[in-house]
Every structure is written in C-alpha cells, then in structure tokens.
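Please look over the sequence and the structure first.

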Amino acid sequence: GPGSSTMKARVTSGTTGVATGVAEYVLNLDVSMKLKLELENRGYVVHMTRMIHDVNISNKERAEYTNSLHADIAVRIHANGSSNASIRGVETYGPSASNPYVSHLSNASMSLSKCIVDAYAAATGFRNRGARTSDIMTGINWSEVPVTIIEMGFMTNPNEDKLMASDDYQDKIVKGIADGLDVY
C-alpha cells in the first residue's frame, strides 16, 4: 500500500487449470468481457483495466486507474488455486476495518463483497466460502473506492476448473456477479 516498503511482482499470470490447462489470466478476461456486456445491458457504465492479454499493468496501476475515473466501485476478477485439489467454492475479499491503508472502505467493500459472493453462489451452485478480509492485496490497498476481489472458484479443483472454462457456466458466473451488483 501507499508508503509501504514491501514490493511485489509487477505482473503475474496467476494459476492454471488442472483439468483444462487454461491460464487464470485467460479465464479472468473471458469472464470479465462477458460481465462487461451484461452490466452494460443492465445500464451500468463499465471501465476495464485490460481488454487484451498482453499488458504491463501492475495492480497498483489498476487501482490508480480506477481511482482516476472516480468510479463508484472496483470489481477485480480472479480465480483461486490451492495445493489441495478438493478445496472448492467462491469467495470475495475486501479490506478489514483495521487495514492500515483503506480501513475507511471496509464497511462498503465488505457489503459489496457479501452481495456478490451470495448472488454468485446462488447462480452457480458453487460453495459459498464467504466475504473475507485481506489487508495484503495491492489492488485493495491502493483503492480509493469500495473494492472487492472475486475468487470465482478453484482452478486446482478439476470439477470447478472445467465448469469455469465452459461458456454455459461462465454465463451463470456473469449472472451471479451482475445480480450481486444489482443488490449492492
């Protein structure tokens, strides 16, 4: 976060699907592009931090871009990974009330996170792992607007990996996220 001496890699690719071989960054953009269309159809104004795969944008720069737009919220799309292939489910993250950088965003961010994770689980049937807090994520700690990170499911779980890679299931994912934003 701002003023921190801790540094992270500028750009990372994330995890990879154990059953599909799909890279997380590919899945994230596929879902995000579908979500953009769905949200625009519902009347939202959507700005994307990327619309192609080959970008050189850090999480700090993504947050700064969102801040420069004076956006109402920031929604970050990710997929999870674990060394345990049986772990499954959707979870969201926002800053805690004791976050050293953005504690003032905690209530709104956690409300946003809860709305999305609940609607997502309802639309997809994925296990609801809840709205959680994290104070170590750059994309959260540099945000100036309510922010959530959606971990759509575990790419290290063969079943969830296959589901998230399918067009039909991506439609359910998009509906769940959009429905959660409507509730928020």
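Does Ser32 count as buried or exposed, and at what relative accessibility? Ser32 counts as buried because its relative accessibility is 14%; buried means under 20% relative accessible area, exposed over 50%, and partly exposed in between (1.4 Å probe, protein chains only). The model is a predicted one, in which local features need pLDDT of at least 70 and side-chain atom pairs count only at pLDDT 80 or more, while totals for chains, interfaces and linings use all residues. Residues are numbered from 1 along each chain as its sequence is written, and side-chain values use heavy atoms, with hydrogens and water left out.

Ser32 sits in helix H1; helices (H or I, at least four residues) and strands (E, at least two) are DSSP runs numbered from the N terminus. Neighbours within four places in sequence aside, Ser32 is in contact with Met48 and Ile77, where contact means heavy atoms within 4.5 Å.

The chain has six helices and four strands. Their order from the N terminus is α-α-β-β-α-β-α-β-α-α. The radius of gyration, taken over C-alpha atoms, is 15 Å, close to the 16 Å of the globule rule for 184 residues, so the chain is as compact as a globular protein of that length. That rule is 2.2 Å times the number of residues to the power 0.38.

| Property of the chain | Value |
|---|---|
| Box filled by C-alpha atoms, along the principal axes | roughly 40 × 35 × 30 Å |
| Buried residues | 45% of the 184 residues |
| Accessible surface (Shrake-Rupley method, 1.4 Å probe) | about 9000 Å² |

The largest nonpolar core has 26 residues, and Tyr120, Ile150, Met152 and Ile177 touch the most other members. Such a core is a set of buried Ala, Val, Leu, Ile, Met, Phe, Trp, Tyr and Cys residues joined through side-chain atoms within 4.5 Å. At least two residues each come from H1, strand E1 (74-80), helix H3 (106-124), strand E4 (147-154) and helix H6 (167-183). H6 gives the most, with six residues. Beyond its neighbours within four places in sequence, Met152 has contacts that include Leu27, Val31, Ile77, Tyr120 and Ile173.

Met51 lies in the loop between helix H1 (24-41) and helix H2 (59-68). Met51 counts as partly exposed because its relative accessibility is 47%.
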